Each structure stands twice: as structure tokens, then as C-alpha cells.
2 protein chains.
Amino acid sequence: MTTTGKDLYPSRVSSEPNRLMRVDPVVWGAFDAVPDAQLTQEQLENFRDDGFLWLEGLFGQDEIESFNTELQRMARDPELPESETSVAEDATDTLNVVFDIHRRSTAFKELAKDRRLAHAARQILNSDVYIHQSRIDVKPALHEAGVFWRSDFETWHTEDGLPRCRTVCALVALDEINEFNGPVMMMPGSHKTFVSCVGDPEGNGQVEAAGGMPLGTPDAENLKHLMEDGGIVAPKGPAGSLLLFDCNVMQASASNLTPYPRASVVYVFNSVENAAEAPFAARSPRPDYVGSRDFTPVSQL
Amino acid sequence: MTTTGKDLYPSRVSSEPNRLMRVDPVVWGAFDAVPDAQLTQEQLENFRDDGFLWLEGLFGQDEIESFNTELQRMARDPELPESETSVAEDATDTLNVVFDIHRRSTAFKELAKDRRLAHAARQILNSDVYIHQSRIDVKPALHEAGVFWRSDFETWHTEDGLPRCRTVCALVALDEINEFNGPVMMMPGSHKTFVSCVGDPEGNGQVEAAGGMPLGTPDAENLKHLMEDGGIVAPKGPAGSLLLFDCNVMQASASNLTPYPRASVVYVFNSVENAAEAPFAARSPRPDYVGSRDFTPVSQL
């Protein structure tokens, strides 16, 4: 597999971090009302300006209950492969993440196809979309570790080979998101800047960045710049809320210090016109369950 | 050194956690207006019920600036002993904590004596007070690790030998405290319960509790119970705000994910009638800079 285009977002190829202008649109389609629209003009404008859109309580309680039932079923599935679909963050028995949920569960395949998710993504990206990654994240209870700042796109570009910023994430909250259970934090407007991270010019993607942080970790100076521009926000609301966010928005999450785990369903919708190529800064692509090479449009799943 | 009284708050002496009623008052003095009062009746009642009192913007900007100047002076002091007064949480050069500030700095000795702090503590504890510990905490910038739930009193009792719950902490914010820079989280009302932690019946205080957590870490079931009773709050406000809190309130803090460190001055005022004895569950007391054996009243410093 070879990279067919120029690398518009070089990262992990230099020992110095850098800050680049995003060259791609955020909203690829029209802003005025189109037939069959899922999002309003105002919603599209907010998404363009902030890099995300928070739709509180979009799913009903009965829907959320059925997703939670399905999650419990999957968690008990003896065939849930430890190595490929579940990653333990600590030594507890807690389920932390299940990947590939649109392939492993009919209910979560149907949710991916739900127009509140897929059609919003199609409208933003102005094309059909396929699933680059799907997962359920569970933030374990009583856990003081958070997740550091990152742009998902930086990883998907360097390690999975997505060439352009034409990818939208949809997160459905299966539990209330509050101030204390590790809400997603985002820097509004940060998606307009690509932070090129330090890395290994050999491109094997295996060495650590400075300070023991994983490769793809943005540097402090650029984070400060982005935060001074747009601050930080952390949407909160009931289970059933939907967070749509651009692949390049700078995001993090704090600790979940409550005694209750917090689960989210996440789909990464990539434009079919932006299908994965060879990784831009890694020897070989990551496994299919984190970076899919099945480009079947969601509408045909 | 021997323990002179019965152990009213046994902890780290059993392999099972336990939940005990606090036998001590929270506010030891009178609630109605007394001559020379620092806190109002309502403030005392709130402190009694919640276990803390948040006084927004109590110190002026000029005062905070002078404290910050003094902090910078101390941080540059070549005599700041790494081993005893400063504890690095990570490998950065960041200053994380300076202990013994009331002995190392005239300005911070004067702040300890300020009636907004010391007299509030005297009024709550209905006695003169001495300083059990003083420090400046700096929560490093861009740091995804938080601090897990704990009762300070559990440590001060087991390791330093404070016999009773008759100790008040005063925290002066040197920077704004907001949702994103790791505010102190507290469970209101939790100070009325003493969570007896699992430990080493040999009392050497050196082994780890379950799950790799340090000794003195409360168990999940009791944390859940306390949280269901009172929830969680995290006071926020400008630099110069004062947090007074009971020694036994259950507290934690989330990550500081902003690019700015956040500093606080903390004094632990213990009643002179509650002076440290032998540790209740450790072979020997901790060093003087974390658990002072100098019981000189603050008024005589």
C-alpha cells in the first residue's frame, strides 16, 4: 500500500513540533437548508466554528435502556476477544472499551445507520460515509487518571492513513455526563489548526515522544496557544445526549471520580472520498478493528 | 512516645474496611454570636453540615500578588531542600509542593496568623490552634493525573497521631479555581463518617492497600455510600478565595488539563488540646515538616 497523495498534515516526522493551518473545510456541504437535512443551518455553523455540536437528550430513555442492555450482553459474551476488542486500562475486571461494535452487534449496527448519527455526518461531510472505527468506551469508576489532550485525526492520519480532515465522530452518552465523571473536554476552534507532533523520522511509530508521553501527544506551547484562543468547554447533560465532533478538535478528559462507570457509544464516520491509504508516519497500518479497511458505506451495511 | 488515649478512629488495623460514626463535634464552639467572631452563625452551621466553607474572593488582588511574589522567591531559593520540603510528582522541573512555609517565610508566617484563617479555625475548634502542617501545593499544568479520594484525618491520625477530629484546614487560592484546572472536590456531609481503611495489622504503615493504592485509601463501597448521601461539589472562584474544611471531609481532585499551573497555600490548624501523640497505626511518626511536633500556638509565632 502506498500513499497516493501529498502529505498535507505532516506529523511525527521531525524533532520539533509545529502548528499548521487546516487546509480542508470543516463543513463540506451547503449551509442553507437542503432537502432531507438532519442539521439546521445554525447547527452547521456552530459545528464549523467550534468543531463540535452538543445535542442534549437526543435519544429517549427507552432507546438508551436498550443500548445499555445490549452493552451488558456484549460484556458477558465469552467470545469477546481480550486481545483485539478490549483494552484494560488497569488491573480491574472493569470493561473499558469494546471495539468493532457495528460488526459485533446488530443493535449497534442499526444505531450507526440511525440518521441522527449517520445522516448528520453525511450532511457535514457532503458525501456518503463509512465507519473507520466504532467502540463503546467505559470510563471506569473511581479512577484518578484522565486522558491527555489529543487530536484524533493526528493518529488516524499518521497511523491509519486518512489523508484529509473529512471525518466526523459521533458519541452517544449512555450515562449522564457531569462535572465529576470525566466529561469530554474540548478546545473550541482548535480543529482549524493542525498540531504537528514530534516523532520518529524513521516512521516506525513505536518510540515515545518527549517526557514519556505517547507519540502524537501535542506539545505544551501549542496547547497553550489553542487554549488562549478558544478556552475549554466540557458539555454535560443526560444520557441520550449526542456529541458530534470534528476529527481534529483538541480533546481530553478528566478523571471519573464518581463511584459509577460512565459509558459512551462512539462511531467514527469517514467520508468515502477520504478512504484510508498507507499510514503517513508508521510502517504499517493499525489493525482493522481500530482503523477499518472496509469502506462499505454505512447506508449499505 | 506512647498513645495516651483509646483509639476512637481505628484504621489500617484490619483487612476489612469499616464505617464509623464520628464521635467528635465539627464545630466545637458556640454558634451564636460571640465577641470577636470571625465567622457568622450561618457560616458555622454550613461548616458543620457540609464539612467545609467556601469564601469567594476573601483576599484582595494586591495580597495575592504579594503571596505569588513570595512563592516565586521561595521557588528560586537554592536552599530549598529537595528531599524534605519538595516532592516531585513527575519528572518535570515544576515545583509541586513546598512544606513548612510558616517557618521558611515571614510572609507565610504572617498569613497563618491572619485572623481570616487562624481566628476562623480558633472559632470552629473553640481553642487556640497550632500548625500541624503548612505547604504550598502547585498542581502542575497539562497533567492528566488527579488525586484520589481521601480523608486527611485518616492519615494524620494513623501516621501522625492526632487523636481526635479537631483540626481545620485553610486553603487560599493563589490562582483562579475553575472546572478545568483540578478543583478540590468534596463530598458534603462525609466528614460525619470515619472510613476505616484496610491496612497492615502489624502497624508498620509501609505496605500497600488493595489494588496498588496507598494505605489510607478508602474503599469503593464506602465512597459510594458517602456520595449517595451528599453528592460531590467542587467550589470554584477567583484567586484570593478561601476554603475552610474539616480534617475528615472526603476530598479528591481531578486533573489540571489547562496549560497553567495552579497554586494554593494550605495551613492545617490543629487544636492545642488535640496535640499529636504517637501514631495510631505506624511505627514512628512522619517527619516534622509534614506532621509538626512543635505545638506553639499560632498566636505566639
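Predicted model: local features only at pLDDT ≥ 70, side-chain atom pairs only at ≥ 80, totals over all residues.
1. Helix 2 of chain B covers residues 61–76, which makes 16 residues. From its first C-alpha to its last it reaches 23 Å, close to the 22 Å expected at 1.5 Å a residue.

2. Buried side of helix 2. The buried residues of this helix are B:Ile64, B:Phe67, B:Glu70, B:Leu71 and B:Met74. Seen down the axis of helix 2 of chain B, they fall within an arc of 120°, so they line one face of the helix. As a general point, an α-helix has 3.6 residues a turn, so residues three or four places apart point the same way.

3. Opposite face of helix 2. The face turned away from the buried side carries the exposed residues B:Gln61, B:Asp62, B:Thr69 and B:Arg76.

4. Packing of helix 2. The elements of chain B against which the buried residues of helix 2 pack include helix 4 (101–104), helix 5 (106–113) and strand 4 (129–139). Strand 3 (97–99), strand 6 (167–173) and strand 11 (262–271) are also among these partners.

5. Setting of B:Arg150. B:Arg150 lies in strand 5 (residues 147–150) of chain B. B:Arg150 counts as partly exposed because its relative accessibility is 27%, a value between the limits of 20% and 50%.

6. Neighbours of B:Arg150. Leaving aside residues up to four places away in sequence, B:Arg150 touches B:Pro218, B:Val249, B:Met250, B:Gln251 and B:Ala252. The side chains of B:Arg150 and B:Asp152 are joined by a polar contact of 3.3 Å. B:Leu223 is 73 residues from B:Arg150 along the chain, and their C-alpha atoms are separated by 9.5 Å.

Key
Residues numbered from 1 in each chain as written. Chains lettered and ligands numbered in written order. Heavy atoms only, no water. Helix = DSSP H or I, 4+ residues; strand = E, 2+ residues; numbered from the N terminus. Buried < 20%, exposed > 50% of the residue type's maximum accessible area, 1.4 Å probe, protein only. Contact = heavy atoms within 4.5 Å. Polar contact = N/O pair within 3.5 Å; in protein donor to acceptor, adjacent residues only side chain to side chain. Expected span 1.5 Å × (residues − 1). Arc of directions from axis to C-beta.
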